[in-house]
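Subject: The structure I promised you

Hi,

Here is the structure we talked about, for you to open and turn around on your screen. Have a look at it first, then read on for what turned up.

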Amino acid sequence: MIEHRNGILIAVALMVGVPAITLLATLHQMFGTGGDGPIRASAVQAPPAPAPAAKPAPQAPAAASPASPASPAAAAAGAATPAAAAPVPGRSAQDFSASRPAWEGYLQGADPALGKQLAANGKPAAGVQGCVACHGQAGITPTGGIFPNLAGLTPEYIAKQLADFRQGTRKQALMNTVAQGLSEQEIGQLAAYYGSLAGPPLHVGETGGEAARKLDQIGDGARALPACANCHGLRGLGEGPLLPRLAGQSKEYFADQINAFRNGSRQNDDVGVMRAFAQRLTDSEVEALGQYYAGPR
């Protein structure tokens, strides 16, 4: 009976003692020698104040010759130079500023009227023909083919593409030559002009069939293909300044660009998303989507 009672006492002592010891150790860690708990104000030491700069010893002024009066520059040279301020450690607000692409500056104050003149007349001195020769009088290519309609695209998208052509990050022999003959200001003017024009009449979805409609509106999750509308807007009407409108582009131009993404000859897509998606489309799907966005002739 006594042994049984002693065992109970020992068990109770362990049940109470161990948590009590743990609690005391935790409190000591938090409020005693430091740790992850509150920081006592008395434990924080202010940084030492910088030592004052030593003053130069005074010097007796040199006797000025009557024939050679002291110049103001000499007087300034003899003055004590203040000590340079010590650099302050840490970050500034500019360390967290997002970088902006250079082409955004091309659009600042861009005049669409000057862009219209440049589109019509070109820049013969630099070997640049008028844009209307390929892209039509109002930014709508009359014959279709692989020349895109520029009307209906945003100024931002056009400026970025011309800047990419100029820098060679998007390659097409004719457009590389044209863009390299344009100044930054002229790129902004052309982008402002074409961005102000209404796009071609829309007949999206009237051709292309169910397969194209599904890819546009739903995608194909089994192939990790999101809906085209997620980026290009429902029925290709555009979504955001840098996500181009597909509606109204010719089926030939659409197929030409998808194939360029496929074979890597076009690589100016954001983090390679279009190159990845283009690889997962079949030839018949590319043709169907081209017809879907172009509509009947």
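Predicted model: local features only at pLDDT ≥ 70, side-chain atom pairs only at ≥ 80, totals over all residues.

Let's start with the parts to be careful about. Residues 61-70 keep a pLDDT under 50, and the model gives them zero contacts beyond four places in sequence. Over the protein chain the average pLDDT is 83, with 73% of the residues scoring at least 70.

Now the overall picture. The protein chain has 13 helices and zero strands. Of its 297 residues, 29% count as buried. If you take the contacts with a separation of 6 or more, 63% of them are between residues 24 or more positions apart.

The buried residues are Glu 186, Ile 187, Gly 188, Gln 189, Leu 190, Ala 191, Ala 192, Tyr 193 and Tyr 194. And what covers them? The cover includes helix H3 (103-106), H4, H5 and H6.

Lys 116 is found in helix H4, which runs over residues 112-121. Between Lys 116 and Leu 190 there are 74 residues in sequence, but in space they are 6.9 Å apart, C-alpha to C-alpha. Leu 190 is among the buried residues of H8, whereas Lys 116 counts as exposed because its relative accessibility is 51%, and the cut-off for exposed is over 50%.

Next, the salt bridges. Side chains of opposite charge can pair when their charged atoms come close. The count here comes to nine salt bridges, and three of them are worth a click:

- Glu 186 pairs with Lys 123, and their closest N and O atoms are 2.8 Å apart. Glu 186 lies in helix H8 and Lys 123 in the loop between H4 and H5, so this pair ties together parts that are 63 residues apart in sequence. Glu 186 counts as buried, at 17% relative accessibility, while Lys 123 counts as partly exposed at 24%.
- Glu 210 pairs with Arg 213, with the closest N and O atoms 2.4 Å apart. These two are three residues apart in helix H9 (residues 209-217), which means they are separated by about one helical turn. Arg 213 counts as partly exposed, at 26% relative accessibility.
- Arg 275 and Asp 269 meet through their side chains, at 2.8 Å from N to O. Arg 275 is partly exposed, with a relative accessible area of 25%, and Asp 269 is buried, with 10%.

There is also a network: salt bridges that share partners join Asp 220, Arg 223 and Glu 285 into one.

Ile 146 sits in the loop between helix H5 (132-135) and helix H6 (155-167). At 48% relative accessibility, Ile 146 counts as partly exposed.

Last, two backbone angles to check. Ala 224 has a phi near 55°, which is a positive value in a residue other than glycine. You'll find Ala 224 in the loop between H9 and helix H10 (229-232), partly exposed with a relative accessible area of 45%. Arg 235 is not a glycine either, and its phi is positive too, at about 60°. Arg 235 lies in the loop between H10 and helix H11 (251-263) and counts as partly exposed, at 34% relative accessibility.

Note on methods:
Residues numbered from 1 in each chain as written. Heavy atoms only, no water. Helix = DSSP H or I, 4+ residues; strand = E, 2+ residues; numbered from the N terminus. Buried < 20%, exposed > 50% of the residue type's maximum accessible area, 1.4 Å probe, protein only. pLDDT = per-residue confidence, 0-100. Contact = heavy atoms within 4.5 Å. Salt bridge = Lys/Arg side-chain N within 4 Å of Asp/Glu carboxyl O.
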